[in-house]
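Biologist: Before we start, could you take me through how to read the features of a model like this one, giving the general idea each time and then the case at hand?

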Amino acid sequence: MLKVSTAPHVSSSKTTAMLMKDVVIALLPAAAASIFIFGISALAVILTSVAGCVLCEYLINRYLFKNPVNTLHNYSAIITGLLLAFNLPSSMPAWMTLVGCFVAIGIAKMAFGGLGKNLFNPALAGRVFLFISFPVQMTTWPIPNWRDFLNIDMQTGATTLNVLKHIDASSSATSLMSKTAELPDYAHMFFGLTGGSLGEVSAAALLLGLAYMLYRRVITWHIPFYYMATVFLITGMMWLLTDNPKYDPITHLLSGGLMLGAIFMATDYVTSPMFKNGQIVFAVGCGILTVAIRLYSSYPEGVSFAILIMNAFVPLIDAYCRPRPFGKGGVK
């Protein structure tokens, strides 16, 4: 006999804690790379951010929500702390990092009711708040020096996207060559030997994390692939039409927070669409907004703003990209 029961109809042995633990493991290569590249100051930022997010969630849950159940076992606060740290420069003061932790956990997550109820990605909300509030500190980029682990002789410089932002094709050939010479080669960008936020510089480490999450089936390939492919195709077409190095698609793919955002933040379960078609729409929207902000705004980077804007459209995307129920529209 056919037995009809209420949803859910699909069960799994995986728990929220298990999935989040896999994400933490996937973030470890990027964390190790940032510490190797930027030294002990990167470790200090990571530890401060993780500790601040965990403590903030505990205090709010314990004393504001009066909830005796400890929610820290699901690892979500640790992930928020890691991702927030990955969006900060290694020179970020500790007290500013803690302010970002409060905004990420206290405002962007717990104010909405906690895990599963927040509309915006908490780490990105904290990052954007810090960027708007402390622009000087958030745009001071230490130059990687893996031989100086203690960062005694720390120097700062421009990121790859900052250099691209100031390339003007109408400039003289000498000026254009001078600016282009400031760009790192693809190998340096791939392995992370460039300036930038902690977790965004090493594409190799981020791709290792992506491979692990795909292997563990924590995420699907749709959002990372369509997000990065959209940016690559748009900049690639502009590069072919203009031959301007500021549109180099490989440089745009390997620089800035594109891979970090596409792999770890745009794929957030809570703030991304539930269905495959919706995920594709979401990813393409993120890619278009990222290119538009990078090329036509005053900001050299657009990943954080693009993902947060698309987060706001997720309920609408889910409503219009919902798959057709089995049997609907069939023969009467």
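Modeller: Let us begin with Lys109, which is buried, with a relative accessible area of 2%; the classes are buried under 20% relative accessible area, exposed over 50% and partly exposed in between, with a 1.4 Å probe and protein chains only. This is a predicted model, in which local features need pLDDT of at least 70 and side-chain atom pairs count only at pLDDT 80 or more, while totals for chains, interfaces and linings use all residues. Residues are numbered from 1 along each chain as its sequence is written, and side-chain values use heavy atoms, with hydrogens and water left out.

Biologist: With which residue do the side chains of Lys109 meet in a salt bridge?

Modeller: A salt bridge here is a side-chain nitrogen of Lys or Arg within 4 Å of a carboxyl oxygen of Asp or Glu. The partner of Lys109 is Glu57, at 2.8 Å from N to O. This pair links distant parts of the chain, since Glu57 belongs to helix H2 (residues 40–64) and Lys109 to the loop between helix H4 (94–107) and H5, 52 residues apart. The helices are DSSP runs (H or I, at least four residues), numbered from the N terminus, and strands would be runs of E of at least two. Glu57 counts as buried because its relative accessibility is 2%.

Biologist: How many salt bridges does a search of the whole structure find?

Modeller: It finds three. In another of them, the side chains of Arg216 and Asp22 meet at 3.1 Å, N to O. Asp22 counts as buried because its relative accessibility is 6%, whereas Arg216 is partly exposed because its relative accessible area is 35%. Glu301 and Arg294 also form a salt bridge, their closest N and O atoms being 2.9 Å apart, and both of these residues are buried.

Biologist: Which residues are the closest to the centre of the largest pocket?

Modeller: A grid of 1 Å is laid over the protein atoms alone: a cavity is a set of points where a 1.4 Å probe fits but cannot get out, a pocket is an open set with protein on both sides within 12 Å along at least five of seven lines, and lining residues have an atom within 4 Å of a point. The largest pocket has a volume of about 360 Å³. Of its 28 lining residues, Arg127, Trp141, Leu161, Glu200 and Glu301 are the closest to the centre. Helix H5 (122–133), helix H7 (160–165) and helix H15 (303–320) are the elements that give two or more residues to this lining.

Biologist: How many cavities of 30 Å³ or more does the count come to?

Modeller: The count comes to two. The largest cavity, of about 300 Å³, is lined by 22 residues, with Met20, Ile79, Phe264, Asp268 and Tyr269 nearest its centre. H1, helix H3 (76–86), H5 and helix H13 (258–265) each supply at least two residues of that lining, and the largest share, four residues, comes from H3.

The second largest cavity holds about 60 Å³ of space, and its lining consists of Leu161, Leu164, Lys165, Lys246, His252, Arg294, Leu295 and Pro300. H7 and helix H14 (276–296) are the elements that give two or more residues to it, with three residues, the largest share, coming from H7.

Biologist: Where does Arg217 lie, and what is its phi?

Modeller: Arg217 lies in the loop between helix H10 (203–215) and H11, and has a positive phi of about 60° although it is not a glycine. Arg217 counts as exposed because its relative accessibility is 70%. Asp243, in the loop between H11 and helix H12 (249–254), likewise has a positive phi of about 60° without being a glycine. Asp243 is exposed because its relative accessible area is 60%.

Biologist: Which residues make the nonpolar surface patch?

Modeller: Tyr186, Phe232, Leu233, Met237 and Ile250 make a patch of about 460 Å². The largest share of this patch, three residues, comes from helix H11 (residues 222–242). Phe232 lies in helix H11 and counts as partly exposed because its relative accessibility is 34%. As a rule, patches are made of residues with over 30% relative accessible area and no salt bridge, like charges being joined within 9 Å and nonpolar side chains (Val, Leu, Ile, Met, Phe, Trp, Tyr) within 5 Å.

Conventions. Accessible areas come from the Shrake-Rupley method with a 1.4 Å probe; for residues, only the protein chains shown count as cover. Grid points are joined across faces, edges and corners, and a volume is the space filled by probe spheres set on the points.
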